[in-house]
Amino acid sequence: MANLKELCKKEEKVTGGHRLCAGCGAGVIARQVLSAVDGPVIVTCATGCLEVSTTIFPYTAWKTPFLHSAFENAAATCSGVESAYRSLKKQGKVKEDIRFITFGGDGGTYDIGIQSLSGAMERRHRMLYICYNNEAYMNTGIQRSGATPRGAQTTTAPTGKVKTGGKEQMRKDLTAIMVAHDIPYVAQAIAGNWNDLITKVQKALAVDGPSFINVLQPCRLGWGYKPEETLALGRLAVETCMWPIFEVVHGEYKISQKPKEKKPLVEFLKPQSRFKHLFRPENAELLASLQAEVDARWERLLKIEAKA
Amino acid sequence: MVTKTSKTGIIVAKTGNEAMAESMRQIAPDVVAAYPITPATEVVQIFSQFVADGIVPTEYVAVESEHSAMSACIGSCAAGARTMTGTSSQGLALMWEMLYIAAGLRLPIVMAEVNRALSAPINIHGDQSDTMGARDAGWIQIYSENSQEAYDNMIQAVRIAEKALLPTMVTTDGFIISHCLEVVETAPDAEVKAFVGEYKPARYLLDIKKPFTLGAIDLQDYYFEHRWQLAEAMRNASSIILDVAKDFKAKFGREYGLYEKYKMDDAEVALVIIGSAAGTAKVVIDELRAKGVKAGLIKIRVFRPFPAKELANDLAKVKAIAVMDRSDACAGSYAPLFNEVTAALYTNLTANLPKAVNYVYGLGGRDITLEHFNDVFSRLQGIAKGDKIGEPLTYINVRI
């Protein structure tokens with residue numbers, strides 16, 4: 001449980017003045033994640049929206065030590081920082097207890113970065129990897145990623161005269177892949193529920209080993225909606241079960257929020273222009289199949305939780 | 001009869017890989033992040049045993065690829081840890097973008113690079129195409145002729161990298177030196193430890209009281225200045241390398257420069273060459289000298305920064321030079337070392353430029369013998385007397 005009063009008194013670890021879009025969820029996620037940390041923390045970040053917008057030389061928005069090296073290797077880079085920490089601590093050259101948090105977009109995490117993430121998790125470094133998941137390669141201009149949901153439009157899977165349905169493939173379930181690495185703490189969260197996200201970060205950091213949180217981040221430019229709707233859209237993703245929020249602690253699933261009334265998927269899809277083609281008559285079947293897919297995944301998640 | 005250069009020196013038999021691993025044991029870096037690849041594998045394998053036996057305090061990170069190896073090294077070095085790694089060929093090629101990043105971030109990472117041919121075709125044997133291919137990355141490059149040099153270069157590399165704030169790679173020819181047993185004089189642990197000293201970075205991520213951002217994005221208004229600073233650091237590295245070599249000679253008795261001059265004082269015909277084949281060539285030079293031929297060679301030790309001015313001065317009086325490349329740039333013109341040498345000559349000498357011809361040899365571990373060097377010197381003698389050069393680039397010992 002995060003205490004809002006106490007959180008408000010904390011010093012900001014990410015400052016304003018950066019160049020993220022109005023309404024960007026990534027900045028919100030970064031601030032909230034870092035507000036969950038009490039002691040010293042070192043941040044590593046993959047190339048992407050968050051990194052380029054917050055570190056335009058000679059300025060930086062980060063008040064923590066911050067390292068960016070390349071796109072596909074944030075986890076590997078962090079594993080080096082963490083290894084240096086363990087080595088120097090063992091030799092008595094570093095005294096403090098320091099935590100390590102890596103931020104990567106879905107591009108740098110699901111696709112080009114999956115190898116280095118997998119390796120770092122398998123090696124059991126004590127680091128928390130946060131995927132700020134806006135479901136496409138946003139920094140390079142809204143191209144499809146392995147996290148893009150079926151039916152979404154992106155610039156590399158656009159609708160045209162022949163292909164009318166947007167992305168044809170289902171998104172990868174990276175969270176399940178992380179669970180399969182048998183790491184102590186895995187979770188899904190959203191920008192839009194600060195208490196849930198902050199509590200999860202605190203739990204993850206308390207673990208003596210690797211942890212991973214996949215945070216859905218509505219992107220107003222890439223998804224096409226009004227900037228002030230970011231957090232509400234995040235909550236809609238949970239209420240429609242399009243993006244369930246849950247934790248997996250040592251392999252045991254616990255769903256964080258079960259919607260009292262599961263809302264129809266179209267309530268999540270309608271406000272976003274990346275889905276507007278789905279409401280054309282020729283896409284009626286596709287639209288129905290997307291609801292069916294969400295329902296099936298939700299049922300499966302409920303079953304997995306029940307088994308535990 | 002093996003004469004020691006230092007009273008406290010220890011004479012041992014080591015392969016190139018063992019010599020490099022031994023130097024790493026004595027340097028005892030804080031972190032080694034590495035991925036195995038033939039023929040460099042043994043360096044980190046032997047080192048892993050040191051870690052398992054508690055002989056070194058090093059954290060060994062068994063990363064899942066070479067790209068991650070250099071990424072982890074960057075993280076570790078930026079964090080404030082003395083960091084080392086090792087690789088060859090495809091491994092170096094895989095970490096190519098990270099080499100540039102390590103240099104751009106001015107991180108003094110030291111790498112043991114066992115020279116191996118680049119695919120395709122895949123070949124695991126020795127040539128210098130891998131490190132030659134990385135010559136523009138901003139790394140200091142020090143090439144070793146034999147196991148002794150490999151051991152000595154690794155130790156010096158730590159001081160050089162940390163003073164110049166440039167990552168540094170030390171090479172050996174794959175299999176030829178890496179797997180070949182030679183007599184090596186090592187130094188006692190305490191002397192090596194004293195020579196390399198403590199790593200004291202001006203700023204580092206684990207210094208949490210002084211947070212900073214590393215790896216920012218530069219727009220058009222800053223990138224050029226940062227890259228100029230990097231190039232300037234490389235230019236300044238020569239004097240640092242010579243200073244460290246001076247101290248190395250004082251402590252261990254062995255002398256190093258930017259290159260080695262072998263019988264060059266009055267040489268009329270000479271080779272410029274890198275690596276183990278210099279040893280073979282020296283035998284031929286001795287034989288020629290006994291016959292009265294004024295033959296010599298310059299063996300490049302420091303390829304980056306390239307000692308252009310000094311080399312031009314030392315080659316000024318030579319009549320005919322053969323530049324021996326153990327890599328081919330597929331340039332459609334000439335090979336890498338030839339381009340560097342002739343640019344140096346053309347830029348620094350005002351008149352009477354020596355004639356220079358290029359040879360590509362030894363790709364993929366193809367042998368080069370005493371006969372081949374004799375042929376090269378015969379041609380050089382002809383050119384020195386006025387023979388036409390003919391083909392500027394010749395391939396040695398290959399079926400065309």
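Helix α3 of chain B, covering residues 66-79, has 14 residues and reaches 19 Å from its first C-alpha to its last, which is close to the 20 Å expected at 1.5 Å a residue (the expected span being 1.5 Å times one less than the number of residues). Helices (H or I, at least four residues) and strands (E, at least two) are DSSP runs, numbered from the N terminus. This is a predicted model, in which local features need pLDDT of at least 70 and side-chain atom pairs count only at pLDDT 80 or more, while totals for chains, interfaces and linings use all residues. Residues are numbered from 1 along each chain as its sequence is written, and chains are lettered from A and ligands numbered from 1 in the order in which they are written.

**The helix**
- α3(B) is mostly covered, with 14 of its 14 residues buried (20 or more other C-beta atoms within 10 Å of a residue's own, C-beta atoms being placed from the backbone).
- Just after α3(B), B:G80 takes a positive phi of about 120°.

**Contact between the chains**
- In chain B, 38 residues are in contact with 39 residues of chain A (two residues are in contact if their C-beta atoms, placed from the backbone, lie within 7 Å).
- The largest share of the side of chain B that touches chain A comes from α3(B), which supplies 10 residues.

**Strand pairing**
- Strand β2 of chain A, residues 66-68, and β9(B) pair in the parallel sense over 2 bridges (pairing requires that DSSP finds at least two bridges between two strands).
- The bridge partner of A:L67 in β9(B) is B:L214.

Methods. A residue is buried if 20 or more other C-beta atoms lie within 10 Å of its own, exposed if 12 or fewer, and partly exposed in between; C-beta atoms are placed from the backbone.
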